[in-house]
Amino acid sequence: MFPTLDTSEIARLQRFGESRAFADGAFLTRTGEVGVGMLIIISGCVIVARRDNAADQAPIVVHTAGGFVGELAQLSGRPALADAQAKGPVQALTLAPQALRNVLVEEADLGEQIMRALILRRVMLIQKGIGGPVIVGHVANGNVLRIEGFLASNGHPYRRLDPDTDLEARAIIERFGLTDAELPIVLCPNGEVLRNPSRVSLARCIGMSRSIDAARIYDVAIIGAGPAGLAAAVYAGSEGLAAIALDCQSFGGQAGASARIENYLGFPAGVSGQELMTRANSQAQKFGIEMAIPHEAVQLQPGEPGQPLVIQLANDESVMARAVVIATGARYRRLALANLAPFEGISVHYWASPLEGRLCHGAEVVLVGAGNSAGQAAVYLATQAVKVWLLARGSSLRASMSSYLAERITAQPNIEVLLQTQVNALEGQDGVLEAVTWRDRAGLETRKPARHLFVYIGAEPNTDWLAASGLALDDDGFVRTEGACSAGQWAFQTSLPGVFAIGDVRSGSTKRLSAAVGEGAQVIATIHRYFAQSALRTANAR
Ligand SMILES: Cc1cc2nc3c(=O)[nH]c(=O)nc-3n(C[C@H](O)[C@H](O)[C@H](O)COP(=O)(O)OP(=O)(O)OC[C@H]3O[C@@H](n4cnc5c(N)ncnc54)[C@H](O)[C@@H]3O)c2cc1C
């Protein structure tokens, strides 16, 4: 995590940066502030430390010559997550974000060493909750869960202080004169205090999201940073296209919510979706892709011939691009129960990440669904809950689930599968579920006390935002890209010139991770050919 570069390695990096002197006590980076970039210590000593009220105030690391200050934030010019202060005079080589990315690409072996260290450092900061915001609120509060989920899925460190168990939380509540009903609050590293913030205002406060340059025309705008969008971003960046990738929630999409993916090529022991997608996100940033999260696309305006396409965003900003890749995937389907909404996010969940898992310790939980995502969630929850009731509408799990998962579920003693059974009532108050009632094929009703219900009953395409664009969709709302629709010229082309669709959002696509990733790679090759052809057409027309 903290390698030391030798003098010949530092000499190789000199051409990328600038040497700078820091006096004793000067800050090389300050928590919550955007600094100069990564710093390689040429001489002197630098102490890297956390700046919050956490009990553990020991320095994170002390760097001497050959050490370097930085972690993933420096790759994309985001605010620093720790303080770095000179102890005595320090001479350092500064690498601005673009220079650092150049190092990673042009100096492959050194780049690998540095990239690995940056990733490991971020993992350590996440594990120790260093440098991010502090959430003050009760562990089972739906808004605490929402804020934690947003930060965790975006790979951002945070700490949670629960007033039920934490003296520090109680002291903060007293200091601000808050009542229980006013929780959660979030203390940002820049000193701002937010009350139950939306993900957009939280992201702004911690420097995760920035304004988009409305005058810039990107080569490609990728809408959705799930596996399809991230793959397109990596290939666009590595092949020299100026690209921006937007997502309204987090990178990783549905795959980021998968507890364990076992059928992705090259991972015989399986891999958590979050880990795989975090790597992909870092890879996209290494190739200079602008990751704009959370930014929601609300409209696509087809351009006049020769003019850029314009994407309108929910916050009134806009993005211009020569080509657009739609990779907005799919969203969970909801149960048709009149009183469902108040329970969502508190007791009814569509993901089973460790955040939800910890709420189920020692409890019985109900899970609805029979696909692979339901199977994975059931297997994971069985490690946390005392019992998982798995309710499926069909007469066999094997009809809809991979056989390895169906077998694992059968072998799991604390998962009980109830086939041809559907949930027909929820009971509880203020979003806190108390009981679930289900009905079997014979009409027999069972009422089971339960605090948490997990729902995995398929997905619908995220295409509402395309309604005004005139883009051709199929009867189920997925984006059409077949030859008849796109004149058969370009793979993944939609009915609008310069607009392509990939992954789960595409009509007829295989709803699998590998397929989404493959389409992300392929679409960039197609866009290169599309640009070449358009240039030829423009040149011929002159
Ligand atoms: C729990 C679970 C487990 C799974 N396990 C497996 C598995 O083991 N193996 C396998 O092969 N497949 C698995 N899948 C399926 C796989 O994850 C999907 O096929 C894959 O994620 C599709 O990728 P995508 O990029 O096309 O779409 P998505 O993953 O759906 O990503 C779309 C992204 O677009 C964003 N978005 C949507 N609308 C907008 C908008 N208007 N503006 C900006 N952003 C927007 C979303 O926030 C999301 O991040 C699983 C799915 C789930 C839910």
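Helices (H or I, at least four residues) and strands (E, at least two) are read here as DSSP runs, numbered from the N terminus. Residue numbers start from 1 along each chain as its sequence is written. This is a predicted model, so local features need pLDDT of at least 70, side-chain atom pairs count only at pLDDT 80 or more, and totals for chains, interfaces and linings use all residues.

**The chain as a whole**

The chain has 13 helices and 27 strands. Its radius of gyration is 25 Å, close to the 24 Å that the globule rule gives for 542 residues, so the chain is as compact as a globular protein of that length. Here the radius is taken over C-alpha atoms, and the rule is 2.2 Å times the number of residues to the power 0.38. Along the principal axes, the C-alpha atoms fill a box of roughly 80 × 70 × 45 Å.

Burial is judged by counting other C-beta atoms, placed from the backbone, within 10 Å of a residue's own: 20 or more is buried, 12 or fewer is exposed, and in between is partly exposed. By that count, 46% of the 542 residues are buried. Contacts are pairs of residues whose C-beta atoms, placed from the backbone, lie within 7 Å. Among contacts between residues at least 6 apart in sequence, 68% join residues at least 24 apart.

**Domains**

Domain bounds come from an automatic or database domain assignment. It gives domain 1 (7-128), domain 2 (134-205), domain 3 (217-331 + 460-541) and domain 4 (341-457). The centres of domain 1 and domain 2, taken over C-alpha atoms, are separated by 28 Å. Where these two meet, nine residues of domain 1 are in contact with seven residues of domain 2. The domain 1 side of that meeting divides into four nonpolar, three polar and two charged residues. In this grouping, Ala, Val, Leu, Ile, Met, Phe, Trp, Tyr, Cys and Pro count as nonpolar, Asp, Glu, Lys and Arg as charged, and the others, Gly among them, as polar.

Gln-127 sits in helix H3 (residues 108-128) and counts as exposed, with 9 C-beta neighbours inside 10 Å.

Not counting residues up to four places away in sequence, Val-139 touches Val-144 and Asp-162. Its C-alpha atom is also separated by 8.4 Å from that of Leu-359, 220 residues apart along the chain.

**Nonpolar cores**

A nonpolar core is a set of buried Ala, Val, Leu, Ile, Met, Phe, Trp, Tyr and Cys residues joined through C-beta atoms within 7 Å. The largest one has 84 residues, and Val-220, Ala-232, Ala-245, Val-324 and Val-325 have the most contacts inside it. Helix H7 gives the most to this core, with eight residues. At least three residues come from each of domain 2 and domain 3. Leaving aside neighbours within four places in sequence, Val-220 is in contact with residues including Ala-236, Leu-241, Val-325 and Ile-527. A second, separate core of 38 residues includes Val-348, Tyr-350, Leu-426 and Leu-453.

**Around the ligand**

The ligand is surrounded by 37 residues, and the closest are Gly-224, Gly-226, Gly-253, Gly-329 and Gly-503. A residue belongs here if its C-beta atom, placed from the backbone, lies within 6 Å of the molecule. Helix H7 (227-238), helix H10 (372-381) and helix H13 (513-541) are the elements that give two or more residues to this shell. By class, the shell has 16 nonpolar, 16 polar and five charged residues. Domain 3 and domain 4 each supply at least three residues to the shell.

**Backbone details**

| Cis peptide bond | Omega |
|---|---|
| Leu-183 and Pro-184 | about 5° |
| Ile-293 and Pro-294 | about -5° |

Pro-184 lies in the loop between helix H5 (167-176) and strand E9 (185-187), while Pro-294 is in the loop between strand E13 (290-292) and strand E14 (297-301).

Gln-420 has a positive phi of about 50° although it is not a glycine. Gln-420 is in the loop between strand E21 (415-418) and strand E22 (422-429), and is partly exposed, with 14 other C-beta atoms within 10 Å. Asp-430, also not a glycine, has a positive phi near 50°. This residue is in the loop between E22 and strand E23 (432-439) and is exposed, with 8 other C-beta atoms within 10 Å.
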